[in-house]
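Work through the exercises below with the sequence and the structure in view. Each task is followed by a worked solution.

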Amino acid sequence: MKKRKTVFVKSVWVMLSIFFALLFAFFTVAAVVLPSISVINDVLGINLYQKVQTGDGTEDMEYFKSDFPKKYADGSIQYVTEKVSGAQI
């Protein structure tokens, strides 16, 4: 009887096992190192964020402005957490 060649030979399983073992080792090391990346950046003197002030500090810093804010009579914005006539909004 003639033996059929299939994909399920021993060498394929050995290669797949080695690949997934290396992949597992890589992700395990990455999971240990990545949470401490801020410590590594501090040691190397890398600053990921820098606050840049382009004006004199009186600019409006609200990113997304609403076209329909509720305002008091003097023009100041009425915020949701403020109490109006004894009831919480």
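**Exercise 1: the nonpolar patch**

In this predicted model, helices α1 and α2 (37-44) each supply at least two residues of a nonpolar patch.

Task: State which helix gives the most to the nonpolar patch, and classify V29 as buried or exposed.

Solution. 
- Step 1. List the members: V29, V32, V33, L34, I37, V39, I40, V43, L44, I46, L48 and Y49 form the patch on the surface. Together they have about 1200 Å² of accessible area.
- Step 2. Compare the contributions: α2 gives the most, with five residues.
- Step 3. Apply the cut-off: exposed means over 50% relative accessible area. V29 is at 53% relative accessibility, so it counts as exposed.

**Exercise 2: an aromatic pair**

Task: Determine how the rings of F19 and F20 are arranged, and classify F19 by accessibility.

Solution. 
- Step 1. Count the pairs: the chain has two aromatic pairs.
- Step 2. Take the pair F19 and F20: the centres are 5.1 Å apart and the planes make an angle of 75°.
- Step 3. Planes over 60 degrees apart count as edge-to-face, and the F19 and F20 pair is edge-to-face.
- Step 4. F19 has 48% relative accessibility, so it counts as partly exposed.

**Exercise 3: order and confidence**

Task: Give the order of elements and say where confidence is lowest.

Solution. 
- Step 1. From the N terminus, the order is α-α-β-β.
- Step 2. Mean pLDDT is lowest in strand β2 (residues 87-88), at 56, and highest in helix α1 (residues 10-33), at 94.
- Step 3. Where pLDDT is low, the predicted coordinates should not be read in detail.

Note on methods: Residues are numbered from 1 along each chain as its sequence is written. This is a predicted model: local features need pLDDT of at least 70, side-chain atom pairs count only at pLDDT 80 or more; totals for chains, interfaces and linings use all residues. Side-chain values use heavy atoms; hydrogens and water are left out. pLDDT is the predictor's confidence in each residue, from 0 to 100. Helices (H or I, at least four residues) and strands (E, at least two) are DSSP runs, numbered from the N terminus. Rings of Phe, Tyr and Trp (its six-membered ring) pair if their centres lie within 6.5 Å; planes under 30 degrees apart count as stacked, over 60 as edge-to-face and the rest as tilted. Buried means under 20% relative accessible area, exposed over 50%, partly exposed in between (1.4 Å probe, protein chains only). Patches are made of residues with over 30% relative accessible area and no salt bridge: like charges are joined within 9 Å, nonpolar side chains (Val, Leu, Ile, Met, Phe, Trp, Tyr) within 5 Å. Accessible areas come from the Shrake-Rupley method with a 1.4 Å probe; for residues, only the protein chains shown count as cover. A salt bridge is a side-chain nitrogen of Lys or Arg within 4 Å of a carboxyl oxygen of Asp or Glu.
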